[in-house]
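This report goes through a single protein chain, from its overall build to selected residues. Please keep the sequence and the model in view while reading.

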Amino acid sequence: MKRLIQNARILTMDAQMRALDPGWILLEDDRIRDLGEMPGDPAALPPADESIDAERGIVLPGLINTHCHVSMMPFRGLGDDCPDRLRRFLFPLENEAMTEELVYRAARYGTGEMLLAGVTTFVDMYYFEHQVARACDEMGMRGILGETVIGQPTCDSRTPYGGLALAERFVKEWKGHPRIRPAVAPHATNTNSPEMLKKAKRLADEYDTLLTLHASEMDYELAYFRENFGKTPVEFLKALDLLGPRLLAAHCIHLTGDDIRLLAGSGTAVSHCIGSNTKAGKGVAPVKALLLAGVKTGLGTDGASSGNTLDLFTQFRLFASFHKTKNRDRSLFPASEIVALGTKGGAQALGMEREIGSLEPGKKADLILVETKSMNMFPCYDPYSALVYSANASNVEMTVADGEILVRDKKLVRAQEGKLRAQMEEEMGAFVRAAAKY
Ligand SMILES: [Zn+2]
C-alpha cells in the first residue's frame, strides 16, 4: 500500500533539519519510501493508492514520549497539591485499588489520548505491564514497556521485588514484537536495594532490553545517597555499573557537573519531564548543560498523576518557558531545538534513531499532520515556532504509526473515544471509593 501526503510543510528533523515547504512524502507499507518538494506540475508526483492533501499543515515525525505511566489515568487530578504525594498517596492507593483490568482499560484510554496528541512512541513503567502491552498492541502504537521492580509489595506482587520475575516473564513474552519492545524498569535509585538494581541490569543485559528508572528526582533521594554513601544518585549508579547506553534515567533534575560528565561519558540517556517536575516544584533540570555535554535527551510527560497530560505540545511550551526563564535568555532554545527533543532526541535516547525520530527514506512511517487551519494556528510564519508556542494537542489532524493511520480527521481509527472513557470508568468504581479516603 502506497500513501502520498502532499501539499504539506514537512519538517524532516534529519541531520540537516531540512524542511520541504510545500512538500510531499510517500509511505509504502510501514516505511517512508521517498519525499520531496512539490513539483510545479502535480502530474509529476509519485503514484499512490491514496493521496492526502495536507492543506499546508505541518508534517513531522511522530512525537516520542520517553517517560510515562500510562495506566495512571485514574489518578489524574487526585491530590494534585498534596506534599510528598508519592509515598503518602500514590503508593497506598495503587496497592489498594489498582487492578489488572484497570491497568488494561486505562492503558487503552491513555494510548488513545497520546495518539490524538500525535505521540506515536512511548516508554512506560508500571505494574501488570503485559496488560499495557496488550492495550498498546490493540491501539497500534509503538511502546517500550517496562515492568516495575520495587522493594515493596505492589498491586501485582505481594512480595517485594516480585516484579523481577514478572519482568523476565514479560520480556520473554513480548520480545520480537514489531512495535512493542519489552524493557526492565527498576522503579528508582532509592526504592531498590543495590543488589536488586544490579539484578535488574543483568536481566536487561541478558535479554538486550532498555533499562529505565527514576533518578535524581526527589530531595529525600539525594539526601539518602549523600548521608549513606557520600554520593549523588548518578555516582551511586556509576558505582553499581548501571550507567551506559542501555540506561534511560528519568528526571535527572538535580545534577552536579560530575554527574553530567558521567552521564555523557557512559552514553546514558535522560528523559526530561518538565511538566511533572515543575508542577511538583522539584526544579528545572540542567538540559542545556546535558545537551552541550552530549547527553542523549528526550522529553517525557510522566503519568497523568504527575503531569495531568500525556501530550508533548504542553511539554514544548513548558520547556520553552521554564528554561528561558531560569536562564534569563529567550534565545537559549530555538523552537526547532525543542521540537527536535520531542522527535529525534527521543529516538536517540531510546537507541532507535535508525528507525524513528526523523522523516527519511527507509525509516519507519511514524508521522503526524498538525493542521494550521484552526484559529489558534494562524498566521504561521515559522512551523517550529507554531508547534512550540501556538499549537496544542487538538491541532493534530492525523497520526500515522508503523504506516497505519491511527488518527484521521482528529478521530481515533481503531477505537472510539467515548467507548474508551466508558470502559475505563466502568472499572473505576473501587478505585474512586478508595480514593475518597485519602
Ligand atoms: Zn515517573
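## Burial and overall build

A residue is called buried here if its relative accessible area is under 20%, exposed if that area is over 50%, and partly exposed in between. The model is a predicted one. Of the 438 residues in the chain, 60% are buried. The accessible surface of the chain is about 17100 Å², and carbon and sulfur atoms hold 49% of it.

The chain has a radius of gyration of 21 Å, which agrees with the value near 22 Å that a compact globule of 438 residues would have. Along the principal axes, its C-alpha atoms fill a box of roughly 70 × 50 × 40 Å. The secondary structure consists of 16 helices and 17 strands. Among contacts in the chain with a separation of 6 or more, 72% are between residues 24 or more positions apart.

The chain carries 52 positive and 58 negative charges.

## Aromatic pairs

Nine aromatic pairs are counted in the model. One of them joins F75 and F431 in an edge-to-face arrangement, with 4.9 Å from centre to centre and 85° between the planes. This pair links distant parts of the chain, since the two residues are 356 residues apart. F75 sits in the loop between β6 (63–68) and α1 (85–97), while F431 belongs to helix α16 (residues 429–435). Both F75 and F431 are buried.

Y224 and F225 also form a pair: the ring centres are 5.0 Å apart and the planes stand at 75°, so the pair is edge-to-face. The cut-off for that class is an angle over 60 degrees. Ring pairs join Y224 and F225 with F229 and F236 into a cluster.

## Helix α3 and E129

E129 lies in helix α3, which spans residues 129–139. With a relative accessible area of 0%, E129 is buried. Apart from neighbours within four places in sequence, E129 contacts D124, L145, G146, E147 and F170. The C-alpha atom of E129 is 30 Å from that of I32, and the two residues are 97 residues apart along the chain.

The buried residues in α3 are E129, Q131, V132, A133, A135, C136 and M139. In an α-helix there are 3.6 residues a turn, so residues three or four places apart point the same way. After α3 comes G140, which has a positive phi near 90°.

## H187

H187 is placed in the loop between β9 (180–186) and α5 (194–207). Its relative accessibility is 8%, so H187 counts as buried. Which residues does H187 contact, leaving aside its neighbours within four places in sequence? They are L86, F91, M125, T148, V149, I150, N192, L213 and H214.

## Backbone exceptions

Most residues other than glycine have a negative phi, and most peptide bonds are trans. The residues below are listed against that background.

Where does the chain have a cis peptide bond with P22? The bond joins D21 and P22, and omega is about -5°. P22 is part of strand β2 (residues 19–28). A cis peptide bond also joins F378 and P379, with omega about -5°. P379 is in the loop between β14 (367–370) and α14 (383–390).

E55 is a residue other than glycine with a positive phi, near 50°. It is located in the loop between β4 (50–53) and β5 (58–61). At 41% relative accessibility, E55 is classed as partly exposed. D409, also not a glycine, has a positive phi near 50°. The loop that holds D409 runs between β16 (404–408) and β17 (411–412). D409 has 55% relative accessibility and so counts as exposed.

Terms used
Residues numbered from 1 in each chain as written. Predicted model: local features only at pLDDT ≥ 70, side-chain atom pairs only at ≥ 80, totals over all residues. Heavy atoms only, no water. Helix = DSSP H or I, 4+ residues; strand = E, 2+ residues; numbered from the N terminus. Rg over C-alpha atoms; globule rule 2.2 N^0.38 Å. Buried < 20%, exposed > 50% of the residue type's maximum accessible area, 1.4 Å probe, protein only. Contact = heavy atoms within 4.5 Å. Areas by Shrake-Rupley, 256 points an atom, 1.4 Å probe, with all protein chains shown as cover. Lys, Arg positive; Asp, Glu negative; His and termini not counted. Charge placed at Lys NZ, Arg CZ, Asp CG, Glu CD. Phe/Tyr/Trp six-rings, centres within 6.5 Å; stacked < 30°, edge-to-face > 60°.
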